[in-house]
Amino acid sequence: MTYTARGQLIYPCGALGVVLTVDGTVKTQTYMNAHTDLILCLRAHTLANSQTLVCSGEAGKKPKVLVWSTGGAARNSKTGPEVLACLKGFHQDGVGQVAWALDGELVLTVCLSCWMDRWVV
Amino acid sequence: MSGFGKGWGEWNAVDVMLVNSYLRVRVYGLRKVGATGYHCVAVYDWRKTALLFSAQASQQPVLDCTWTGIGTFVTVGVNHCHFWSQDGPRAYRRQRGLFGKKAQPQPLLCAKAFGSVLLTGCSSGHLAIWEGRNCIRSIKAHSGAVTALHVLGAR
């Protein structure tokens, strides 16, 4: 899976999120290594200030959904990807799909299967 | 206690606690119909790390999801297309998409919003076009399954 935003390619490689910035003939990779299991899905959203946000979901029984910014969009910026939010606790199986709301404030996630909690008062 | 669990399948654990002089019993039960679990959807406000909404989506695999407007999203998958619309600050209502006579019920592999309509790629190679919750048209696009869609320009 590859997604482009502002000349950057974002793709998962195992549990590693890779941001490939191509600037002429110079290609640089930066990495987001906060996932602890295979990345199953990954989607990007570009904010009005041209910051690119990525949401990615992982496999496993206690999956994390991470929201991170790619960083380093400027030509000589050295900053790498930065994790902005870690969403976990609800899904109990791999997160197979994520989607960004149009304004970038909400994230929709879909997991592969689910156990139900029941409350009786 | 024995009356609670009808049709819930196996009970895995129970815990009991006293909250404001009420006895609260939490039952962890696996609700299973047949051999499949449910596929769940969740909506997060990621800036606050808050879970706004969660629900069972379907028993069939969900293959793609997309937001179609403010407060509306769609989940598509094997033999289904579900339209969700906001029904309160933390509630979304699900409506089944109706295939009608325009398209065969079949796995829908991808979905994209285009203006007021929704495009979905079907495993038969058709593009199904949805308006409201009805399939209004289907177009033969490829001889194989349509696995990816991208809309240029509109959004």
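Two strands count as paired if DSSP finds at least two bridges between them. Strands are DSSP runs of E with at least two residues, helices are runs of H or I with at least four, and both are numbered from the N terminus. With that settled, I started on the sheets.

**Entry 1: what I am looking at**

This is a predicted model, where local features need pLDDT of at least 70, side-chain atom pairs count only at pLDDT 80 or more, and totals for chains, interfaces and linings use all residues. Residues are numbered from 1 along each chain as its sequence is written, chains are lettered from A and ligands numbered from 1 in the order in which they are written, and side-chain values use heavy atoms, with hydrogens and water left out.

**Entry 2**

I looked up strand 6 (residues 72–77) of chain B. Six bridges tie it to strand 7 of chain B, and the two run antiparallel. I checked one position: Thr72(B) faces Ser85(B) in strand 7 of chain B.

Next I traced the sheet in chain B. Four strands make an open sheet in the order 5-6-7-8, with antiparallel pairing. Strand 5 and strand 8 of chain B are its edge strands, and each pairs on one side only. From one strand to the next, the twist averages 25°. Angles here run from 0 to 180 degrees between N-to-C directions, with axes as lines fitted to C-alpha atoms.

**Entry 3: chain B as a whole**

I counted elements. Chain B has zero helices and twelve strands. I then looked at burial, where buried means under 20% relative accessible area, exposed over 50%, and partly exposed in between (1.4 Å probe, protein chains only). Of the 155 residues of chain B, 41% are buried.

Chain B exposes about 8600 Å², and carbon and sulfur atoms supply 53% of that area. The area comes from the Shrake-Rupley method with a 1.4 Å probe. I also looked at contacts (heavy atoms within 4.5 Å). Among contacts of chain B with a separation of 6 or more, 33% are between residues 24 or more positions apart.

**Entry 4: a hairpin in chain B**

I moved to strand 3 (residues 39–45) of chain B. It pairs with strand 4 of chain B in the antiparallel sense, over seven bridges. Asp45(B) sits opposite Ala50(B) in strand 4 of chain B. Four residues lie between the strands of this hairpin, and Thr49(B) takes a positive phi near 50°.

**Entry 5: aromatic rings**

Rings of Phe, Tyr and Trp (its six-membered ring) pair if their centres lie within 6.5 Å; planes under 30 degrees apart are stacked, over 60 edge-to-face, and the rest tilted. I found nine aromatic pairs over all chains. Phe53(B) and Trp84(B) have ring centres 6.0 Å apart and planes at 70°, so they pair edge-to-face. This pair links distant parts of the chain: Phe53(B) is in strand 4 (residues 50–58) of chain B and Trp84(B) in strand 7 (residues 80–88) of chain B, 31 residues apart. Both Phe53(B) and Trp84(B) are buried.

A second pair is Trp67(B) with Tyr92(B). Their ring centres are 6.4 Å apart and their planes at 75°, so this pair is edge-to-face. Trp67(B) is buried at a relative accessible area of 3%, and Tyr92(B) is buried at 9%.

Which residues do ring pairs link into a cluster? They are Phe53(B), Trp67(B), Phe73(B), Trp84(B) and Tyr92(B).

**Entry 6: chain A**

I looked for a sheet in chain A. Its open sheet of four strands has the order 5-6-7-8, with antiparallel pairing. Strand 5 (39–46) and strand 8 (82–87) of chain A each have a single partner strand, so one side of each lacks a neighbour in the sheet. The twist averages 20° from one strand to the next.

I then turned to strand 9 (residues 95–100) of chain A. Six of its six residues are buried, so the rest of the structure largely encloses it. Five bridges join strand 9 of chain A to strand 10 (residues 106–111) of chain A, and the two run antiparallel. Trp100(A) is opposite Val107(A) in strand 10 of chain A.

**Entry 7: cysteines**

I searched for disulfides (cysteine sulfur atoms within 2.5 Å). For Cys81(B), the nearest cysteine sulfur is that of Cys135(B), 8.7 Å away.
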